[in-house]
Amino acid sequence: LTFYRTSSKRAAMLEGVSGIIVHDFWRPYFTINGAAHALCNAHHLRELKLLIEVGKEPWALAMFRFLRHACHAANLARARSKPLNPAFLVWLQARYDRILAQGLAFHEGLPPLEPSHRKQRGRIRRRKRHNLLLRLRDHKEDTLRFLTDPTVPFTNNQAERDIRMMKLKQKISGGFRAETGAQTFATLRTVLSTA
């Protein structure tokens, strides 16, 4: 990893990436060709927890519990080195769909948001929690990929922990003076993270 600000260097860094990328739904990740996506469910759990505590939305509690139970089931299957039972997987996916339908019905019953002062153009203005519902609906396969592929983790927390020192270095000193310094730092952090 390097911390150069030019977009061409960032684009070059992501060339040839393949496999499955677990991420937090940052839109530019979806422009990477040749890679499948899995959404980080730790991010979803944090957003759902906020909806439970602040928004008091019943569907959010159901989805929070569902994701935690699905994670537990996937971890048990991984521990036994067996895939989830296909019938159980179908039941889980149907349960996910029912919770989403409950949430969408809840939001359809809410009054529309006040229009902004300027002319409304582009996408329809929605509540942030409604956007979460739409993300969970439209990216169901990416959200539940951890159930069907045992190599996909439930979260991207390990990757975030591994990169935290790089970001800390960037914040404290502003980056590196030369690419060799960045490469050396990355090599040392890789050894420390995997030792």
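**A close look at one helix pair**

Modeller: Of the protein's 195 residues, 33% count as buried, where buried means under 20% relative accessible area, exposed means over 50%, and partly exposed is what falls in between (1.4 Å probe, protein chains only). Keep in mind that this is a predicted model: local features need pLDDT of at least 70 and side-chain atom pairs count only at pLDDT 80 or more, while totals for chains, interfaces and linings use all residues. Residues are numbered from 1 along each chain as its sequence is written, and side-chain values use heavy atoms, with hydrogens and water left out.

Now the overall layout. There are 9 helices and 2 strands, taken from DSSP runs numbered from the N terminus (H or I, at least four residues, for helices; E, at least two, for strands). Starting at the N terminus, the order is α-β-β-α-α-α-α-α-α-α-α. Of the contacts with a separation of 6 or more, 59% join residues 24 or more positions apart; a contact is heavy atoms within 4.5 Å.

The part I'd zoom in on is the pairing of H3 (residues 58-79) with H4 (residues 86-108). Their axes come within 9 Å and cross at roughly 165°, with axes being lines fitted to C-alpha atoms over the stretch in contact and angles running from 0 to 180 degrees between N-to-C directions. That makes H3 roughly antiparallel to H4, a label for angles over 145 degrees. The H3/H4 crossing is left-handed, meaning that the near helix is turned anticlockwise from the far one by less than a right angle. On the H3 side, the residues meeting H4 include Trp-59, Met-63 and Phe-66; their partners in H4 include Phe-88, Tyr-96 and His-107.

Leaving aside residues up to four places away in sequence, His-107 touches Glu-57, Trp-59, Arg-127, Arg-129, His-130 and Leu-133.

Compare that with His-72, over in H3. His-72 has a relative accessible area of 48%, so it counts as partly exposed. His-72 and Phe-154 sit 82 residues apart in sequence, yet 9.8 Å apart in space, C-alpha to C-alpha. As for Cys-71, its 15% relative accessibility is why it counts as buried.

How values were computed. Angles under 35 degrees count as roughly parallel, over 145 as roughly antiparallel, 65 to 115 as roughly perpendicular and the rest as oblique.
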